Amino acid sequence: MANLDLSKYGISGNFEILHNPTYEELFQAEIDPANEGFEKGVLTTTGAVSVDTGKFTGRSPKDKFFVKDAVTDEHLWWDGTINRPTTPEVFAHCKDLVTKQLSTAKKLYVVDTFCGTNEDTRLKVRFVMEVAWQAHFVTNMFIRPSHYELANYGEPDFVCLNGSKTSNPNWKEQGLNSEVFTLFNLTERMQVIGGTWYGGEMKKGIFALQNYYLPLRGIASMHCSANVGKDGDVAIFFGLSGTGKTTLSADPKRYLIGDDEHGWDDHGVFNYEGGCYAKVIDLEKDKEPDIWRAIRRDALLENVTVGADGTPDYSAAASKTENTRVSYPIYHINKIVSPSRAGHAKKIIYLSADAFGVLPPVSILDEKSAQYHFLSGFTSKLAGTERGITEPVPSFSPAFGEAFLTLHPTMYAKTLIGKAKEHNAKVYLVNTGWNGTGKRISLKNTRAIIDAIIDGSIENAPTVHVPILNLVAPTALNNVDSNILDPRDTYADVAEWETKAKSLAAKYIKNFEQYCDNDDAKALIPSGPQL
Ligand SMILES: Nc1ncnc2c1ncn2[C@@H]1O[C@H](COP(=O)(O)OP(=O)(O)O)[C@@H](O)[C@H]1O
Ligand SMILES: C=C(OP(=O)(O)O)C(=O)O
């Protein structure tokens, strides 16, 4: 469809348009020697393409702004750090920068996608960009409409114009945070991006939109991965970047629904995406075989160095960022459900990477503590994905995804806990971070913990009440080192655990004050840590 008219978006010039390019066209564009700089991809021995994603190798949460207007004012959560309001004039200015940039391109990629597996809630999202690998990224990550669906696609619901090669010199006087911008105008139904090459701004930007539209319709919108057993038992895994959503949901015993963004409606859990975005830092075939196998033709490696013979080098030392990634279409994982949906979740797992090393590796939550810990979202920001984070930074991230929330956290808690109650789902807090040994809890132990949650054996395990944190932890589980289940046992001196636990409990209590202006939230306090 070379005759697509982009002038309606303010883009006009002497460019060739590749509308819904095939993987082969993208691949040829990426490895074309005529491409320069960051656009140039390198073919690896696996057949995947490896690209350098540029100056900013992570997401810039503080550069996300929304235009305040009659539609958004009523509902949007303006928390001052994540969602910031901007004016239609600033949006128009940044859009102008982007359209001018895109108008100078020789080649533009237009990729029409769906965000959301189900017809009644999916968004038709059109991406326009000039960087070939970014077109490849959205082709991998979003749902690829069939030829028939493309023939009937019509007008998109939302358009994202990505002008990554431009940036905003006027950001200071416009009240923005930096020359990077990712701005949303919900009236114009458009996102504009500039100053950053990170593909995650497109993926997580559209996720933020679903996080706006769906809870208002009573649907839980969740920063989680999901998988299902052969008998239809669905498990979901909430967690901030790096806490294990992708790794733990790729389970050879189960079928993957998706690795990062899901909704839960009256029929069950459904994926928003059509692909996965895995971290490949220090990737090892034996530890993460499914992800290893998914790296093949049509997969896109980012910031991974490739040896002269084309062999990718996943070791940390060889790369310029910890945020080395691979995106691949979901069917690169052997065991998936297709389309990406299943029934109601029976197991809800909050993944928290505790950098203080005091949380038990697994705790069993009741209804109230499940709400308390969902609103608290205690975890760590791990190095890599977010700009400026170079070591684990303990953080309270409500709904385990604060950066992507567009409504008040209580909206996500209400929709999730409502569904959990209705479907009798059990909730667990799993620490994929550290303990008193100073080391990260091993993947082997965490996988065995997940197995015990999924097969239900954890419900029959002996338990201990962990004071201060006020958590119930099992003390024996199949194939899990029982010396780690009570976190106090991992310290040479229990007093050290106590001091740290008290300090963390104080942080929990302080953080929860923000929710205490209503009685429902106040009633949750006894279910949280106690001093
Ligand atoms: N105990 C553990 N549980 C889960 N992941 C772990 C653990 N220990 C180390 N890891 C590593 O942490 C990273 C988790 O990343 P990932 O699964 O991509 O997180 P997410 O999808 O939540 O962003 C992987 O590189 C994995 O190998
Ligand atoms: C891609 C991202 O997240 P995750 O690591 O959870 O995939 C992101 O936060 O930009």
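Me: Before I look at the shell around ligand 2, how are its residues sorted into classes?

Reply: The convention is that Ala, Val, Leu, Ile, Met, Phe, Trp, Tyr, Cys and Pro count as nonpolar, that Asp, Glu, Lys and Arg count as charged, and that the others, Gly among them, count as polar. In this predicted model, the shell around ligand 2 then has one nonpolar, four polar and four charged residues.

Me: Which residues surround ligand 2, and which domains do they come from?

Reply: Ligand 2 is surrounded by Arg59, Gly200, Lys204, Ser241, Gly242, Lys245, Asp260, Tyr277 and Thr385. At least three residues of this shell come from domain 1 (7–39 + 58–213), and at least three from domain 2 (221–274 + 340–527).

Me: How is the chain divided into domains, and how many residues of domain 1 and domain 2 are in contact?

Reply: The domain assignment gives domain 1 (7–39 + 58–213), domain 2 (221–274 + 340–527) and domain 3 (276–332). Between domain 1 and domain 2, whose C-alpha centres lie 31 Å apart, the contact involves 24 residues of domain 1 and 22 residues of domain 2. On the side of domain 1 that touches domain 2, helix α6 (residues 200–213) gives the most, with six residues, and the residues of that side divide into 11 nonpolar, 10 polar and three charged.

Me: How should I read a sheet, and in what order do the eight strands stand here?

Reply: The general idea is that strands of a sheet pair through backbone hydrogen bonds, either parallel or antiparallel. Here eight strands form an open sheet with mixed pairing, in the order β1-β6-β7-β8-β10-β9-β4-β5. Its edge strands, β1 (16–19) and β5 (84–86), each pair on one side only, and from one strand to the next the twist averages 20 degrees.

Me: In which sense do β9 and β10 pair, and where does helix α4 lie?

Reply: Strand β9 (residues 181–185) pairs with strand β10 (residues 190–194) in the antiparallel sense, over five bridges, and leucine 183 stands opposite valine 192 in β10. Helix α4 (residues 132–141) lies across β6 (107–115), β7 (123–129) and β8 (158–163), and the helix runs at about 15 degrees to β6.

Me: Why can helix α9 be called largely enclosed by the rest of the structure?

Reply: To judge burial, one counts the other C-beta atoms within 10 Å of a residue's own, and 20 or more make the residue buried. Helix α9 (residues 367–376) is largely enclosed because eight of its 10 residues are buried, among them Tyr372, His373, Phe374 and Leu375. After α9 comes glycine 377, whose phi is positive, near 60 degrees.

Me: Where does tyrosine 515 lie, and is this residue buried or exposed?

Reply: Tyrosine 515 lies in the loop between α12 (494–512) and α13 (519–522), and the residue is buried because 21 other C-beta atoms lie within 10 Å. Leaving out residues up to four places away in sequence, tyrosine 515 touches Leu375 and Ala521. The C-alpha atoms of tyrosine 515 and tyrosine 372 are separated by 10.0 Å, although the two residues are 143 residues apart along the chain.

Technical notes:
Residues are numbered from 1 along each chain as its sequence is written. Chains are lettered from A and ligands numbered from 1 in the order in which they are written. This is a predicted model: local features need pLDDT of at least 70, side-chain atom pairs count only at pLDDT 80 or more; totals for chains, interfaces and linings use all residues. A residue is near a molecule or strand if its C-beta atom, placed from the backbone, lies within 6 Å of it. Domain bounds come from an automatic or database domain assignment. Two strands pair if DSSP finds at least two bridges between them. Helices (H or I, at least four residues) and strands (E, at least two) are DSSP runs, numbered from the N terminus. Axes are lines fitted to C-alpha atoms, for helices over the stretch in contact, and angles run from 0 to 180 degrees between N-to-C directions. Two residues are in contact if their C-beta atoms, placed from the backbone, lie within 7 Å. A residue is buried if 20 or more other C-beta atoms lie within 10 Å of its own, exposed if 12 or fewer, and partly exposed in between; C-beta atoms are placed from the backbone.
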